Structure formats: structure tokens, C-alpha cells
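Welcome! Take a moment to look over the sequence and the model, and then we can walk through some of the details together.

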Amino acid sequence: MALARQVLCVSALLSLPPARAEPIRYSVAEEAESGSLVGELAEDAGLTPAQLSARRARLVSEDGRQHFRLERASGRLVVAGRLDREELCGQAASCMLPFELLLSNPLQFFRVEVALDDINDHSPVFPEEGVTYKILERSDPGSRFPLEVAQDLDIGSNTVQQYSISPKNEYFSVSYGTGISGKKYLELVLEKPLDREEQEEIGFSVIAMDGGSPPRSGTTKVNIVILDANDNAPIFTKEVYIGRVLENMAEGTVVLTVRATDQDTGINGNISYQFSQAVGQSSSAFVIDPVTGEIKLTKPLDFEAAKSHEFSVRATDGGGLSAICKVQVEVVDVNDNAPELVVSSFSSPLPENTVPGTVVALFSVRDRDSGANGKISCALEDQLSFSLRPAYKNYYELVTVSALDREERPQYILSVTAADAGSPPLTSTQTFSVDISDVNDNAPVFNQTSYTMYVRENNVATVFVGAVSAADADVGLNAKVTYSLAPEQGAERPWCSCISVNSENGHVFVLRPLDYEHLRQTEVTVSASDAGSPPLRANVTVRLVVLDENDNAPLVLYPAQDGSPASSELVPVWAEAGYLVGKVVAVDADSGQNSWLSYHLLRATDPGLFSVAVQSGEVRLRRPVTERDSVKQKLVVLVRDNGKPPLSATAALSALLLKDFSDVRLPHSSPAPEDQDGSLTTYLIISLVFVSLLFLISSAVFVARKACRRKELEAGHVLYGADNVQSGLADAAAAGTLPRAYCYEISLTTGSGNSEFKFLRPILPSLPPQHCALGQGSAEEQDFPCVPVSTEDMAPDNAGTLSAGQLNALSFD
């Protein structure tokens, strides 16, 4: 029978969704030994023992008491300890022990109910061990004398079934049955008249026998005292008195009043009242007035402890006759118990990527009150991310309804309020603190969109130039940021090995000294990566700007300072003040104010004769030339930049004050270190010869083609380069070997690969061809050499300016 019922329960369970099926029911006899099998719970729930262990199966009951135990290895439900049906369920017709089988991952539960079957483990018990009756000797046969029925805590066939008298006697028999009100009664029946003179007292036992197997019995002793002439026993006005009282009534409140009458008079008609205690119940909460029969409270009642109280009241007259009535006191419930919330399962913390609909908590609600006072409703305070969902009977699930974001809100304090329907209603609140655990869903973010850092050139190695900083909204390892250099993609931004970044704090260092003249700025990409799995990263561009230091002295381009003799400029003696003698050309590899150059006359043979333009470096006459001025003038020009501290260079040049350029002769041997040697003189003579020949050829061509324009024949031009005009020109001028003087204006531009020289027309007649003859005189005595130049080579490009190629062709060796 039990097996068939289990099969039906399992079939019904399979037809319903999880946690919504009918309960799984079993039955077990009370007092079963610990470990006794109740049922194959895993099989009936459609689970395997492996699933029970994997999903951490456990049993949960509302009252927290564990009467049964689940064996995960076998899936069997067994008895956990001694089960006493009478202790657990009292006199109830059925004894059902409900509980839940709770599973995790995912959350699921099954309702299980175990019926506790009664066994005959209690014997009948009379309320009193002995009863004494005083009976008049003239009592008629058939008179009945009530006895308290024996109480048996068992139910069904295991309770009292019959009564008997031992030893049997001829005067009394026992009668047992059910009255009109449905109450059991037990009476002694007088079978024949008594004779006090023959026997004053009769003693025997009344035995109560239950229907168990084997049967159990209980005994009470009865003593009959035979009296004279009190032939009317008290009679109660009601067989059963019923009273109702609120559970919160104060001590001393009158519940009800019992009343009995006796037709006798005198002492035989005086009635007194007292309790006749029933087995299993207590009248300690009540007291009865022995004279008036008022029943009062001795302490407040508790509806939740006992919904009703039942006891007997005996009325006895002065002659010893008595009567018994039943008193039932019903306790009226008052809303004095707030609802209770019992949490079965709670999950915290929750990952922030938890999907909506995830069960966070499972709990049940109960109220010990009844009726409207025990009707409970649950509500969750305003929450957009969580809601309550009814699960089964009085169970509720707390579930998520929207996505969670730990960075927006790391913790939720959820308050669930349970309220009953009493007046006024009582409430209780359960608080759930749900922590949100971090998921790596935020990449690091730099505090700037790009960084510009500065370092001065010639820096020391591993100099600190700045720091990058990135923050991650996550926490823990997901927020731990490390920095690294990201390799560049493509050739437009090559990798720079001179920059390093600290992986822990983002400090940026320059690993080696830098040179502004080779590298003015560079860019690298710094990557910030968190320690999440997988890691998230962000990139930022760091631009390193190299600041110039004044580490380059000015470089003199003209006149050349390569160790060769200083160049000489030819100045006619009739030149006026402001006459351009020459120009010092210098450059500085630095930038900014470090490359701003100024020119100053440092030394001169006659400091008052020359002036140097501070900005342009042009050397001009400050005054006209006088006869007292030395023919050979030496000047040293200081070129200084604007750095701090400033760097400088010097340029040495010579000037020859000549009356006529035809008087220029190369000097004879001289011990001065600045005089040219014989080879240079020879080269100069050869150059002058070529220049003269070129001039004659050009003149002849022009005369032949344009006879009418002979006087406009262009004179040859001679370019004196920075390394060609030597100090020997001064001696040549003194010797008078050059018949005529030329004036040359040299214009050099910095920052250009094609520096140009500008030639002006000769201010004196051209040198005659006879002065350019080759091989006239020794190497030391020959005239200043001429360089032959064609008319095409001599033609100026623009405003008398020669190109670099023409300049190279005209340079002196």
C-alpha cells in the first residue's frame, strides 16, 4: 500500500515543473530506530546520488528540527533519531512531518511529507489511582455512578477499547460508551441493593484495556462506602460547559460558572466544587471557587500553545454523592505574534554579470496566529534590480530583475517586510545585504588624452621626465594597472629605444643622453593593462620634446678657419666711410636664442679704422683711409651666440690698403708665419695668368662681335673663397705687381646647401693681360696669379650672384 502511494507521488511529481510538484510522501512507524529506512528519496525525486553530492543536497524544515537524515551516497531517507508521535502531534488523528529537500546549483527544492504511524507504546491511565464512592444503602439497582475514563495517548485501535472489574463481584458492573455529545463515558452500575449492615465497604479494581497487539491496560482502585439515606446525588445544569476567552485576558478573569443542584436538604444538599484533572491536560491556568463554581484565570492564556482547554468538575453533596461535568474553554486568538521569516538559502556576493532571473535567496514566512491574524503578505522595498517571486505555499524567492553594475553600486541592502492581516497588523523585516563582486569589464583610462614631456639635451642617463597615470574602475586584480611601451605599427613612427616606462607607477625615463641637433622630438605609445582575465588595456601617446642646450659654439664659414693663412681683403685708399671691406659668415648648430649670433671686433691693427655690424658680421670702414694707416691691417672678429653661458669663436681676416690694385706684388721671403710659402705663390701667379688670358679672349670675342660696344666689355671677375685669399696678398700689393684693384662682395646664406657669392663690377680698370703671364719670376717674386675664367662662367646668375658650381670653378687651390 505504501509502495503504491510512493509510486503515485513520484508520477505526480514528474508531471509538474521543479519546485511546483506535489509533495513526496512516506510513512514510518514511531519509535523507529535511528537509521531506519524511510524511502528512496533520490529515486523518487528523479535524482541520482551523484547529483545529491554535486548539488549539495540538504534537508530543511520550518521548525529547524531534523527528524530525518539524507544519505547522499545512496540517496536514502532514514530516521535521524527517536520519533515520538505523541510528543510531536499529541492526540491528532494524523501526524505529518513536512520538510524540504533543497538543492543548489541550480537552486531547486522538493516538498517531502512523512506520516508518523502510531504504535501501541502507551498504556491506559486513569486520572486517579483510587476513587471512593459513598452510596446509600437504599440505592436502587441500576443506579449509575460516573467514573473518569482512562486516557490513552495512542490513537485508533491502540486506544482504550474495553473496561472490566477485578475481582468480579455481584453488586457492581461497568458500563462504557459514547454519550449524545460524542463524549466517552464510564459508569459503575449497581446490580443489586446494598446492605450496610451486611457489608459497610466494598473494594475492587476497574481495568481499562486498549486494542493494541499486545494489549496494554491501566487500573484504578474503587472503594465503595455504604451510607445511609442520602438518595439524591447532585445534578449539573449542563453536561458540558463551553467558555470562550481572549488569550490576552488578565489574571482573575471569570471564564464561566458551573452549577449543580441537589434535591436533598440539609447537609446532604450542600454542594462543593473541585477539579477532576484529566490525563494529558492541565488546569493550572484555572481555579474554581468551591462554593460558587466560578472558574477564573490564574495566568494569561496562549492561543499558540493551546487552542482549547478541557477538564472535569466534580460536584459533591454533604452526603458524599457527586456528579461530574465537562468544561471546555476555547482560547480566542489575538494578533500578538508578528510574522516570522526563515531563510533557507542566501547567495552573496553576486558577480556583477549575473543574468536577470537569478535566485538570490529562498525563504519561508509563517505566523503562529490563526485566521486573518495569520494571513501573511510579503513586500520588497522599492528596488529596480530585485523582486520577490512566490515559490511554493509560504515560500518566496528573491530574484534579480535587471543587470548589475558593481562600479555603479557595489552593495544592495534589501529589506523584505512580512505583514499579517490582523488589526492592527504586525510586521517583521528581514534584511539581505547583497554584495556585488567585481568582473573585469572596465579598461584602464588615462587621466590625459596625450602627454607631452620635456628633456634637455645632454641629459644624464635614466633621467625622470614625467609620469603617465591610468585608473581602472574595477577592484582587486582587475584594477591593478601595469604600464609598458606598445610597439608602433608602421614605419612612420619608428621605435625609440631611448625611452622607458616603469611598469608599476608609470614613470617615464630617458635612458641615454640625447642630442637636440640629431633628435628634436619623438613619440611613443604607452599601454596600460589591468591584471584581469582576460586583461583589458588602453593606449596613450607620449611626445618627448628635446630642449636645446647651448652646447655648440658658433662655426665660422668665412673666412675659413682651417689653419690656412687668413684671407686678405683689398681696400682702395680712397674708399669712404662705410665701405664694405668684407663679411664674417658664421652659423650655430643650436636653435632659438642659442643660435642668435652677434659679431664684435675683438682686435685690429687700427681699431678705429674698422667696424663690425653686430647682427650681420659685415666689416666696414668707420672713417676714410689716411696715409698714416698701415697698408696691411689685421682684424680678429669675435662671433658669440646668445646662450647661457654664451659660446664664441673668432675669425681672423686681413685687409690691404692699396692705391692701385696694379701695385699688388707677392712678397719676398719673409720670416713671418702668416706669409705664404713658395708653392702658394706659384699657384697664385698661375691663377692670375689664367684669369688674364680668359679676360683677353673674352675681350677679343666681344670686340669681334660688337665693335661698337668695346667700352662696355665686361671685366673678368675673380672670386676669392674662404680658403683662397691669403695674407700674401698684402705683400703682393706692397710690391705693386697687381696693376689694378678689384672689389668683391661675398654673400653667404646659412641653412642653404647652395651658398652664393655676389660679384660687383670692378671699380678699377681690368688687369692687363701682360700681368697674367705664367712663369715670370721665381715662386716668391711672381705677381699675384690670375685665374682664367670664361665669359660664360663670369656671367652672374641674378644680380651678379654666382652659383655654387661656378664658385667651385673659381676657387683658388
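Let us begin with R76, which counts as partly exposed at 27% relative accessibility. E71 and R76 form a salt bridge, and their closest N and O atoms are 3.4 Å apart. Please keep in mind that this is a predicted model.

## The protein as a whole

Stepping back, the protein contains 8 helices and 51 strands. It has 813 residues, and 45% of them count as buried. Among contacts with a separation of 6 or more, 70% are between residues 24 or more positions apart.

## The largest nonpolar core

Which residues of the largest nonpolar core touch the most other members? They are L41, F68, L77, L101 and V114, out of 26 residues in this core. Several elements each supply at least two residues of the core: the strands β1 (24-29), β4 (68-71), β5 (76-79), β6 (96-103) and β7 (108-117), together with the helix α2 (41-44).

Leaving out residues up to four places away in sequence, L77 touches Y26, S36, L37, V38, G39, L41, L59, F68, R69, F99, V112 and V114.

## A hairpin and the pair beside it

Next, find strand β11 (residues 172-178) and strand β12 (residues 184-190). These strands run antiparallel and are joined by 7 bridges. One of the residues to look for is F172, whose bridge partner in β12 is L190. The hairpin has 5 residues between its strands, and G182 takes a positive phi near 90°.

Now look at E170 and K192, whose side chains meet in a salt bridge at 3.3 Å, N to O. This pair links distant parts of the chain, with the two residues 22 residues apart. E170 sits in the loop between β10 (160-166) and β11, while K192 sits in the loop between β12 and β13 (201-210). K192 is partly exposed, with a relative accessible area of 30%.

## More salt bridges

How many salt bridges does a search of the whole structure find? The total is 23. Side chains of opposite charge can pair when their charged atoms come close.

One of these pairs is D629 with R623, where the closest N and O atoms are 3.0 Å apart. D629 is buried, with a relative accessible area of 10%, whereas R623 is partly exposed at 24%. Elsewhere, a network of salt bridges links E31, R82, D84 and E87.

## A buried residue without a salt bridge

Let us finish with D588, found in the loop between β44 (585-587) and β45 (598-604). D588 is buried yet has no salt bridge. Where is the nearest side chain of opposite charge? That side chain belongs to R520, and it is 9.5 Å away.

What, then, lies around D588? A polar atom of the D588 side chain lies 2.9 Å from the backbone nitrogen of D590. Setting aside neighbours within four places in sequence, D588 is in contact with N552, A553, P554, N594, S595, L597 and D641.

Key:
Residues are numbered from 1 along each chain as its sequence is written. This is a predicted model: local features need pLDDT of at least 70, side-chain atom pairs count only at pLDDT 80 or more; totals for chains, interfaces and linings use all residues. Side-chain values use heavy atoms; hydrogens and water are left out. A nonpolar core is a set of buried Ala, Val, Leu, Ile, Met, Phe, Trp, Tyr and Cys residues joined through side-chain atoms within 4.5 Å. Buried means under 20% relative accessible area, exposed over 50%, partly exposed in between (1.4 Å probe, protein chains only). Helices (H or I, at least four residues) and strands (E, at least two) are DSSP runs, numbered from the N terminus. Contact means heavy atoms within 4.5 Å. Two strands pair if DSSP finds at least two bridges between them. Lys and Arg count as positive and Asp and Glu as negative; His and the chain ends are not counted. A salt bridge is a side-chain nitrogen of Lys or Arg within 4 Å of a carboxyl oxygen of Asp or Glu. A polar contact is a pair of N or O atoms within 3.5 Å; within protein, one must be able to donate a hydrogen and the other to accept it, and residues adjacent in sequence count only if both atoms are side-chain atoms.
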